[in-house]
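Please look over the sequence and the model below before reading on. The paragraphs after it go from the whole chain to individual side chains.

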Amino acid sequence: MFNLASALLDPHLEAGRGSRPAFRVRGKTLTYEDIALLANRAANGLRARGVRAGDRVALVLPDSPAFVATFLGALRIGAIPVTLSTYLPADEYAYLLDDSGAAVTVSDPAMPTAVASPTIPFDELVSGEVEDVDTHPTKPEDPAFIQYSSGTTGKPKGVVHMHKNGVQPAKLHGRHVSEVTDRDVVFSVPRQFFSFGLNNSLLVPLYYGACAILEPERPTPQRALEIIAIERPTLFYNVPTGYALMLAAAESGANADLSSVRRCVSAGEALPAPILERWKARFGQEILDGIGSTEIGHICISNFQGRVRPGTSGQLIPGYEARVQRADGTDAAPGEIGDLLVRGPSTAKEYWRKPEATAHTFRDGWVFTGDRYTRDADGYLTYQGRSDDMLRISGMWVSPLEVESVMLRNPAVRECAVVARARDDGIARPVAFVVARDDAPDTLAADLLALAEEALPSYKRPKWIERVHELPKTSTGKIQRFKLRGR
Ligand code: 3UK
């Protein structure tokens, strides 16, 4: 048997490290013993509500001890936590709860969400529950937890991780890139419901007996700098836009003391070289960019301290293999663009109840990432864009179709294609290429920006509207968005 909750907590308690700090939340400390006992109460609370091994437990919780305890408590009894974003619209919750078939949903009434179905507030879940529980004898390959990824097209897919691979992010990236020890204090701006954040603030620090700072509200750049100055983390994690905004805040006078930090890690989208260079000039620290995915389980290719190459995703982390393939399945030559496939011990088992999507992405132990890459003679890999048309904005997926559909609501728009364009600092934002009707008003661009503001969350809104006479198309009439990139 192998149980992930037991693997993350029990060795610390058995070795007498129960009184060591596991989490810091707004000035309060929770020890390893505190969090283990809270997780046991959550486990008992779930069992009392009829949850059994194999049942799914949805979490709609901010970064907090409640999140950690519900996650670990569910694992402990062999139930499967499903970590959902706390920022979704009502119809998306309805879809995700139905798709995962969640038996219960645990929430935090202090953080209102749009979940329409009944939820159990965490405080109620653990109220009156005892602090010991027996561990369900899960097997290494049993499903442990599910994270949703919106991936390429269609509806989000549940990525199913196994008990045994939950410790691999710690053993691979945690060991070789962050070099985590029990003396580390970690702080991740990306949230725990996101795969990058779950690794940063839960799976990796607990494995090493380190301490993670949890901030329930998504921190603004100013707040992130403040938390760093007060809590003095040694390891810091963010997405490229987060680094760019913190830099901008520091450059316009915000207090910034990063002297405690010995590693800055970036993932989620490519880190532009100018951001890395400006960060280094200001803080004397490099940023270690690495590429990972929900399906891979964590970062698998990364820059390493002392051998960073700005503008690249770095080199393979020991334990992973990568192939850069031509369309015919043969290996691309050095410098030649191809499809990136990755193999390693942290990769997921499958998509939840989606055999076709599983067959497309999980190929004989390899994960087809959907990313285009080149590899040079030294083994440095460089991101070249997606093989589909999906955009990565602020580390989140944006479907061009969704944005184009909003633009097309304006009757003066005949056709529209949305791609990503880098601003001066290299950070990507959506740009809409629009073919307008001849009688379109001069105010069209402003009208479309206003429409986007009304209909889309800010990261999905086009920042530029470009009027063109026609869109590039294939002979079969398919829009060639890749030809618009860089235009
Ligand atoms: C893109 C990158 C260039 C790439 C993630 C760290 O982002 C994570 O997972 P998601 O499933 O998205 C995966 C996709 O995002 N991407 C991520 N990092 C980079 N592109 N450079 C990068 N450094 O398209 C990839 O396929 O949301 C990141 C750890 C765990 C994760 N799940």
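The model is predicted, not experimental. It contains 13 helices and 26 strands. The radius of gyration is 23 Å, close to the 23 Å that the globule rule gives for 487 residues, so the protein is as compact as a globular protein of that length. The C-alpha trace spans about 70 × 50 × 50 Å along its principal axes. Of the 487 residues, 56% are buried, where buried means under 20% relative accessible area.

Salt bridges come next. Counting a side-chain nitrogen of Lys or Arg within 4 Å of a carboxyl oxygen of Asp or Glu, the model has 31 salt bridges. One of them joins arginine 24 and glutamate 231, with 2.9 Å between the closest N and O atoms. How accessible are the two partners, arginine 24 and glutamate 231? Arginine 24 has a relative accessibility of 23% and therefore counts as partly exposed. Glutamate 231, at 18%, counts as buried.

A second salt bridge connects two helices. Here the side chains of arginine 278 and glutamate 251 meet, at 2.9 Å from N to O. Arginine 278 sits in helix H10 (residues 273–283) and glutamate 251 in helix H9 (residues 240–251); the pair is 27 residues apart and links distant parts of the chain. Both partners are partly exposed: arginine 278 has a relative accessibility of 34%, and glutamate 251 has a relative accessible area of 40%.

Another salt bridge is formed by arginine 386 and aspartate 388, whose closest N and O atoms are 2.9 Å apart. Are these residues buried or exposed? Both arginine 386 and aspartate 388 are buried. Elsewhere, salt bridges that share partners form one network, made up of Arg26, Glu215, Arg223 and Glu226.

Glu33, Asp34, Glu131 and Asp132 form a negative surface patch. Patch members need over 30% relative accessible area and no salt bridge. Glutamate 33 has a relative accessible area of 43%, so this residue is partly exposed and passes the 30% threshold. Glutamate 33 is part of helix H2 (residues 32–48).

The last topic is backbone geometry. Which residue in the loop between strand S18 (350–351) and helix H11 (355–361) deserves a look? Arginine 353 is found in that loop, and its phi is near 50°, a positive value in a residue other than glycine. Arginine 353 is exposed, with a relative accessible area of 62%.

Aspartate 364 also has a positive phi, about 50°, although it is not a glycine. Aspartate 364 lies in the loop between strand S19 (362–363) and strand S20 (366–375). With a relative accessibility of 74%, aspartate 364 counts as exposed, the cut-off for that class being over 50%.

Terms used
Residues are numbered from 1 along each chain as its sequence is written. This is a predicted model: local features need pLDDT of at least 70, side-chain atom pairs count only at pLDDT 80 or more; totals for chains, interfaces and linings use all residues. Side-chain values use heavy atoms; hydrogens and water are left out. Patches are made of residues with over 30% relative accessible area and no salt bridge: like charges are joined within 9 Å, nonpolar side chains (Val, Leu, Ile, Met, Phe, Trp, Tyr) within 5 Å. Accessible areas come from the Shrake-Rupley method with a 1.4 Å probe; for residues, only the protein chains shown count as cover. Lys and Arg count as positive and Asp and Glu as negative; His and the chain ends are not counted. The place of a charge is taken as NZ of Lys, CZ of Arg, CG of Asp or CD of Glu. Helices (H or I, at least four residues) and strands (E, at least two) are DSSP runs, numbered from the N terminus. Buried means under 20% relative accessible area, exposed over 50%, partly exposed in between (1.4 Å probe, protein chains only). The radius of gyration is taken over C-alpha atoms; the globule rule is 2.2 Å times the number of residues to the power 0.38.
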